[in-house]
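Please read this briefing alongside the sequence and the model, which are shown just below. The points after the lead are grouped by topic.

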Amino acid sequence: ESFVSSKDFSMLNNVWASGDYLDYKKLESKDFHFLDKEQSILYIFEAKYNLDTPKLKFLQTAHICNANKAFYMTLAIPTNIKDTSKYEYLLSTFECK
């Protein structure tokens, strides 16, 4: 059994992201389910990775596997993309092997 759930790991990483990215603006957070039934949280926000990059839209979540591996997943897409459903689906297909 894991000491930290995928939800908890995702929340902790979002706290880090909100302080580390520049111009962080949270757009949404919601319950997220991977196809292997693992539950997490998906964060969608806009930010700049550093001073030299443009503002992007980020989708971030986490998946704990077998209590000994943690996967922190981030997708960055242009801010003008409003419908993120295909990117959310892509993240949901990750599973532990």
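**Overall picture**

With 97 residues, a compact globule would have a radius of gyration near 13 Å, and the protein has 13 Å, which agrees; the radius is taken over C-alpha atoms, and the globule rule is 2.2 Å times the number of residues to the power 0.38. This is a predicted model, in which local features need pLDDT of at least 70 and side-chain atom pairs count only at pLDDT 80 or more, while totals for chains, interfaces and linings use all residues. Residues are numbered from 1 along each chain as its sequence is written, and side-chain values use heavy atoms, with hydrogens and water left out.

**Fold and dimensions**

- The protein holds two helices and four strands, which follow the pattern α-β-β-β-β-α along the sequence; helices (H or I, at least four residues) and strands (E, at least two) are DSSP runs, numbered from the N terminus.
- The C-alpha trace spans about 40 × 25 × 20 Å along its principal axes.
- Of the 97 residues, 33% count as buried, where buried means under 20% relative accessible area, exposed means over 50%, and partly exposed lies in between (1.4 Å probe, protein chains only).
- Among contacts between residues at least 6 apart in sequence, 48% join residues at least 24 apart, contact meaning heavy atoms within 4.5 Å.

- The four strands form an open sheet in the order β1-β2-β3-β4 with antiparallel pairing, two strands being paired if DSSP finds at least two bridges between them.
- The edge strands, each pairing on one side only, are β1 (22-33) and β4 (69-77), and the twist averages 20° from one strand to the next.
- Strand β2 (residues 39-48) pairs with strand β3 (residues 55-65) in the antiparallel sense over six bridges, and Glu46 stands opposite Lys57 in β3.
- Helix α1 (residues 6-20) packs on the sheet and touches β1, β2, β3 and β4, its direction making about 10° with that of β2; axes are lines fitted to C-alpha atoms, for helices over the stretch in contact, and angles run from 0 to 180 degrees between N-to-C directions.
- Met11 lies in helix α1 and counts as partly exposed because its relative accessibility is 35%.
- Leaving aside neighbours within four places in sequence, Met11 is in contact with Ile41 and Tyr43.
- Met11 and Ala62 are 51 residues apart in sequence and 8.7 Å apart in space, C-alpha to C-alpha.

- In soluble globular proteins, nonpolar side chains tend to be buried together.
- The largest nonpolar core has nine residues in all, namely Phe32, Phe34, Leu42, Ile44, Leu59, Met73, Ile77, Tyr87 and Leu91, and β2, β4 and α2 each supply at least two residues of this core.
- Apart from this core lies another, of seven residues, among them Tyr21, Ile41, Phe45 and Phe58; a nonpolar core is a set of buried Ala, Val, Leu, Ile, Met, Phe, Trp, Tyr and Cys residues joined through side-chain atoms within 4.5 Å.
- Not counting residues up to four places away in sequence, Leu42 touches Glu28, Ser29, Lys30, Phe32, Leu59, Gln60, Thr61, Glu88 and Leu91.

**The surroundings of Thr84**

- Thr84 is found in the loop between β4 and α2 (85-92), and Thr84 counts as buried because its relative accessibility is 8%.
- Leaving aside neighbours within four places in sequence, Thr84 is in contact with Ile44, Lys57, Leu59 and Ile77.
- The side chain of Thr84 makes a polar contact with the side chain of Glu88 (2.6 Å); a polar contact is a pair of N or O atoms within 3.5 Å, and within protein one must be able to donate a hydrogen and the other to accept it, while residues adjacent in sequence count only if both atoms are side-chain atoms.
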